[in-house]
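Subject: Structure for you to look at

Hello,

Here is the structure I said I would pass on. My notes follow below it.

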Amino acid sequence: MTIFKCRDCSHEVISGFYPSECEICGSSNLIILDSTGYAKNGDKVIFNDKEFIATIQGYCNQLGWKISDIDDDHAILQFDMESGSVQTLFIYQHRSILELFCPSLIRFPVEKYSQNFHWISTFLLKENTKYTLGFWCIQEIAGCYIFSIMHNAEISLIDINYFAKVIAWLVEECEQFEQAIQSMLNSHD
């Protein structure tokens, strides 16, 4: 028996034969997962616990990017920006999904977050409607609300070109957001 997953609606089905379409949405865009739920590319399982490190290192080596930290389920990349800032990007593997996110420096202690900062959330929600890649979100990390830009992707869709495009876009969007907020704050001084 094989696990098949629809790329369009994420429905999974176990079957002895390759289904012609998804029984939920009717899409014929199906991928094969192995028995642990990891995506396969042909007969090779990619981004499983053993391949995650090798794949990320291989992509980063080809792109000339340095890895700050890596283990079996996450990696951290840092990018020196023209503005002099450093953008940090996190990569986490959640079964067949790769989560990539870049937390901004715009953060507020949970207990001090108030109506005064909701305008930023509203602005970012409006920005989300413009994107085909990624989305803005608020993450609670170490007692702070942090505005982050994130992208989740089916691992089987990721190749080096997709990897490079998404990461470059996330890092650049985060940098532009931080610069815009800093500019607004400086104009109020």
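Is K130 buried or exposed? K130 is exposed, with a relative accessible area of 61%; buried means under 20% relative accessible area, exposed over 50%, and partly exposed in between, using a 1.4 Å probe and protein chains only.

Some conventions before the rest. This is a predicted model, in which local features need pLDDT of at least 70 and side-chain atom pairs count only at pLDDT 80 or more, while totals for chains, interfaces and linings use all residues. Residues are numbered from 1 along each chain as its sequence is written, and side-chain values use heavy atoms, with hydrogens and water left out.

K130 meets E127 through their side chains in a salt bridge, 2.9 Å from N to O. The term requires a side-chain nitrogen of Lys or Arg within 4 Å of a carboxyl oxygen of Asp or Glu. The whole structure contains one salt bridge. In contrast to K130, which is exposed, E127 counts as buried at 15% relative accessibility.

E127 is one of the buried residues of α2, together with I120, S121, L124 and N128. They lie on the same side of α2, because they cover an arc of only 120 degrees around the axis, the arc being that of the directions from the helix axis to the C-beta atoms. L125 and K126, on the other side of α2, are exposed. The buried residues of α2 pack against β9, β10 (135-141), β11 and α3. Helices (H or I, at least four residues) and strands (E, at least two) are DSSP runs, numbered from the N terminus.

Two strands are taken as paired if DSSP finds at least two bridges between them. Strand β6 (residues 67-70) pairs with β7 in the antiparallel sense over three bridges, and the two form a hairpin with three residues between them. Within that pairing, I70 stands opposite A75 in β7.

β7 in turn pairs with β8, again in the antiparallel sense, over seven bridges. The bridge partner of A75 in β8 is I91. The hairpin of β7 and β8 has five residues between the strands, and G84 there takes a positive phi near 100 degrees.

β8 and β9 run antiparallel and are joined by five bridges. I91 has L100 as its bridge partner in β9. These two strands form a hairpin with two residues between them, where R95 in the turn has a positive phi of about 50 degrees.

Nonpolar cores

A nonpolar core is a set of buried Ala, Val, Leu, Ile, Met, Phe, Trp, Tyr and Cys residues joined through side-chain atoms within 4.5 Å. The largest one has 35 residues, of which L89, I91, F163 and I167 touch the most other members. At least two residues of this core come from each of α1 (51-63), β7 (74-80), β8 (86-94), β9 (97-109), α2 (118-128), β11 (144-154) and α3 (160-187). The most comes from α3, with nine residues. Apart from this core lies another, of five residues, including I76, F90, F101 and M150.

Setting aside neighbours within four places in sequence, I167 is in contact with W65, L77, F79, L89, I91 and L100, contact meaning heavy atoms within 4.5 Å. A164 sits in helix α3 and is buried, with a relative accessible area of 16%. Y59 is 105 residues from A164 in sequence, yet their C-alpha atoms are 8.3 Å apart.

Aromatic residues

The whole structure has nine aromatic pairs, counted where rings of Phe, Tyr and Trp (its six-membered ring) have centres within 6.5 Å; planes under 30 degrees apart count as stacked, over 60 as edge-to-face and the rest as tilted. F90 and F101 form a stacked pair, 5.1 Å centre to centre with 15 degrees between the planes. This pair links distant parts of the chain, with F90 in strand β8 and F101 in strand β9, eleven residues apart. F90 counts as buried at 18% relative accessibility, and F101 does so at 6%. One aromatic cluster is formed by Y59, W65, F79 and F163.

Regards
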